[in-house]
Amino acid sequence: MYSILGLLLFILFVCSSATPFSSIGSRRSILREVSDNNKSDHPDYAVELNSTNFDDVLKDTPDTYAVVEFFAHWCPACRNYKPHYEKVARLFNGPDAVHPGIILMTRVDCASRINTKLCDKFSVGHYPMLFWGHPSKFVGGSWEPKQEKSDLRVIDDARTADLLLNWINLKLGSSFGLDDSKFETEYLSSNISDPGQIVKAIYDVEEATSTAFDIILEHKMIKPETRASLIKFLQLLVAHHPSRRCRKGSAELLVSFDDLYPTDFWSNNEQEADKGSVSNLKICGKDVPRGYWTFCRGSKNDTRGFSCGLWVLLHSLSVRIEDGESQFAFNATCDFVRNFFICEECRQHFYKMCSSVSSTFNKAHDYALWLWSTHNKVNERLSKEESSLGTGDPNFPKTIWPPKQLCPSCYLGHDHRNNKIEWNQDEVYKFLVTYYGKTITSLYNKDKIVGNNGTDRAIEDLVVEASNAIVVPLGAALAIAVASCAFGALACYWRSHQKSRKYFHHLHSLNNI
């Protein structure tokens, strides 16, 4: 009996003793969870690079300069330095950058095996090690300690955020501060007074194109009734997008479109099957940092940006088409906005103006002026709404375009009775062609990113006449840009696997691209 009683007491002791340990373990778990929740979930401002994207990112960035930090994740000094580096990167990187478009702040982890050869190329001898230079000089580049002349500089004394920013200020003759908290326009002149500012819009056009297609995929807007309108707009981008890499990306999506979205795609239950393939198709290239709105950057985070970039894209397309393509461009643009611009009120207003057009466009001149006039009507309407509600951008109020400062010859006079400007439309068209055509690509031509005379002067047009594709008028046949040997191989591969379909080929000139 005593033995039984003793056993019972032992069991009771064990159970009672287990309770506090269990409680302690539970409390520790809760504390860990609270601690994890208190960690900042803000992504790093500095862009993490590796050997697979190093050249592509630095080649395609719109920033004028770059800083590359070579570090090792196991290095205590590197971990302690990261907050300092991030304080400076906050000023220049990301959608909320205080001073965008000037310096791309990046880092490379040399402790990762994939980056061993890359770090060796730059003779990384200690961690962290910082380099400064124009982004293009890093591409395919290297650095040697005893090298007499080099386009890259080692930043020697940058142990703290203050020291790093002081080094940058001395290099640029600038006065950036770690406490800078809002966008200043000292490096971005007024769009109204400086016609040369439009050259930076080429990057905004790329971002607007990428954003538009991200929205289309995210909201699953490709449907049987919208499929044809997207194909038409892609054809327009392939032939006339001002960015070479956007033309190439649009072409790759277009040639893969039947495989990604066949006409029976919506009738089966496996609509997610090609989601990965679609997400891998970056319309203007991959691994390029976004969120840099330069020409289209507003003084507030919620103004300008995407809508401005989209308007610049549409104007750029309108002045690059030929006469025989004007009606096709009009239809493609109107249908694209109607089906894929996610702001409901905006697209309804735009399509209403499209529907009011009763005659056919036979001249590129007429279509470009219609789009210009339509944009001014939109600005006039929004200006009144934003003025009454106080929702506009105080530094970039909606205005009639172009202002007299940019094009004095566009103005004939002012009808004071009706409060209307009398325009010289021929001069307006000349201005649009120069501003949104030649000038917008001048920076890209300088950087050899838009294209070259040998590649884009004459290209082959691949317009599908298969039963499941749209029929394109002969006068509006648009070209798929063969921007590289790699893409040429892709096009050949595609054609070889489409024997059951009908194609016609047509040479199309892309002058002034």
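**From one asparagine to the nonpolar cores**

Leaving aside residues up to four places away in sequence, Asn376 touches Thr399, Ile400, Trp401 and Trp423, where contact means heavy atoms within 4.5 Å. This is a predicted model, in which local features need pLDDT of at least 70 and side-chain atom pairs count only at pLDDT 80 or more, while totals for chains, interfaces and linings use all residues. Residues are numbered from 1 along each chain as its sequence is written, and side-chain values use heavy atoms, with hydrogens and water left out.

Asn376 belongs to helix α14, residues 364-389; helices (H or I, at least four residues) and strands (E, at least two) are DSSP runs, numbered from the N terminus. Asn376 counts as buried because its relative accessibility is 7%, and buried means under 20% relative accessible area, exposed over 50%, and partly exposed in between, with a 1.4 Å probe and protein chains only.

A nonpolar core is a set of buried Ala, Val, Leu, Ile, Met, Phe, Trp, Tyr and Cys residues joined through side-chain atoms within 4.5 Å. The largest such core has 73 residues, of which Leu230, Val312 and Trp370 touch the most other members. Among the elements that give two or more residues to this core are α11 (306-318), α14 and α15 (425-438), and α14 gives the most, with nine residues. Apart from this core lies another, of 22 residues, including Ala46, Phe92, Ala161 and Trp167.

In helix α15, the residues Val428, Tyr429, Phe431, Leu432, Tyr435, Tyr436 and Gly437 are buried, and the buried residues of α15 pack against α11, α14 and β7 (420-423).
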